[in-house]
Amino acid sequence: MKKAIVCGAGIGGMVSAIYLSQKGYEVEIFEKNSKPGGKMSELRRDGYRFDTGPSLITLPEILDNFFKDIGRDMKDYFELIELESSAKYFWNDGTVFNSFINESKLNEELDEVFGEKEKDNFFRFLKYGRLFYDLSEDNFLKNEFKIRNYITREGLKNFTKFISGRSMNDVSNKFFKNAKLKQLLDRFATYNGSSPFLAPQFFSIIPYVEYEFGAWFVKGGIYEIANALEKVCSEMNIGINYGHKLIDFETANKKITGLIFEGEKRSSTMKKILTF
Ligand SMILES: Cc1cc2nc3c(=O)[nH]c(=O)nc-3n(C[C@H](O)[C@H](O)[C@H](O)COP(=O)(O)OP(=O)(O)OC[C@H]3O[C@@H](n4cnc5c(N)ncnc54)[C@H](O)[C@@H]3O)c2cc1C
């Protein structure tokens with residue numbers, strides 16, 4: 001049986017390991033932390049639970065399709081609850097904005113809190129984000145990324161938007177006058193732990209996806225997804241070795257022959273934790 005080693009038990013690592021196992025590989029994961037999930041993590045204190053990274057699910061069909069691909073039903077592992085409003089924003093001066101997903105409710109809320117002009121700008125902004133989504137849906141989000149798929153009339157027409165140095169903050173400055181609305185839209189950069197001043201404008205795709213397709217909460221907290229993937233790994237006999245930080249590997253004849261983990265001294269008498 002062919003062997004595959006996956007570095008990291010984040011969502012990406014566990015999903016890759018599961019797909020590899022399904023293809024007939026004997027898979028082992030090495031994770032530096034003591035638990036799965038990576039950025040998807042939580043903190044429990046005094047009876048409360050806090051997400052320390054992601055908290056919201058968009059495009060749930062991607063998760064659903066993954067479970068179908070591996071012959072399972074997502075509902076057997078966790079439950080998704082569709083949200084009426086993805087977030088509630090509060091400012092020091094008492095301004096409150098309820099980020100409704102429903103378009104007419106959102107329309108009313110934008111009008112009431114930010115006024116008609118900024119409301120129109122908001123929908124123009126979402127249309128701008130849609131451009132990136134339309135160019136990426138088939139070529140990147142739902143299929144393997146291949147640069148040649150972007151060599152289309154639309155792709156070439158919008159090529160400069162992908163490579164321009166414009167940040168998310170540059171885009172919110174372009175569309176809005178209201179400082180609070182700029183803050184609100186810049187916040188979407190934090191969805192992947194980025195800064196709106198550095199994240200490229202391509203990430204304007206995130207608010208578009210949330211307002212266009214909706215937002216979901218995982219019952220019991222998003223960490224249920226990490227637990228679910230760990231459970232699937234165990235069902236498929238994929239070993240997860242926690243507390244193993246991979247720092248290097250050895251090769252011979254173009255094959256990996258050994259893995260080197262932190263804590264092991266590199267010398268001629270070096271003891272490798274794992275050799276093949
Ligand atoms: C603050 C924040 C909020 C977010 N909000 C959302 C949200 O609401 N919705 C959403 O969908 N996404 C959100 N994201 C994005 C989402 O969290 C990430 O896209 C996703 O978790 C990345 O998963 P990953 O497996 O690719 O990487 P990671 O989660 O980073 O996993 C990598 C794993 O590899 C391990 N590792 C790294 N190096 C080594 C090594 N040398 N040896 C062994 N193990 C190693 C790490 O410990 C980690 O467990 C958010 C991200 C952040 C930071």
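Helix H8 covers residues 179-186, where helices (H or I, at least four residues) and strands (E, at least two) are DSSP runs, numbered from the N terminus. In H8, the residues Leu181, Leu184, Leu185 and Asp186 are buried. A residue is buried if 20 or more other C-beta atoms, placed from the backbone, lie within 10 Å of its own. Which elements cover the buried residues of H8? Among them are the strands E6 (85-90) and E7 (96-100), together with the helices H3 (103-114), H4 (116-141), H7 (168-175) and H9 (205-213).

This is a predicted model, in which local features need pLDDT of at least 70, side-chain atom pairs count only at pLDDT 80 or more, and totals for chains, interfaces and linings use all residues. Residues are numbered from 1 along each chain as its sequence is written.

The chain has 276 residues, of which 23% count as buried. Its secondary structure comes to ten helices and twelve strands. The chain is divided into domain 1 (3-53 + 220-244) and domain 2 (87-214), with bounds that come from an automatic or database domain assignment. The centres of domain 1 and domain 2, taken over C-alpha atoms, are 30 Å apart.

Where does the ligand's shell lie? Both domain 1 and domain 2 give residues to the shell, so it lies between them. Of the 24 residues around the ligand, Gly8, Gly10, Gly38, Pro54 and Gly193 come nearest; a residue counts as near if its C-beta atom, placed from the backbone, lies within 6 Å. Helix H1 (residues 11-22) supplies the largest share of the shell, three residues.

Conventions:
A residue is buried if 20 or more other C-beta atoms lie within 10 Å of its own, exposed if 12 or fewer, and partly exposed in between; C-beta atoms are placed from the backbone. Two residues are in contact if their C-beta atoms, placed from the backbone, lie within 7 Å.
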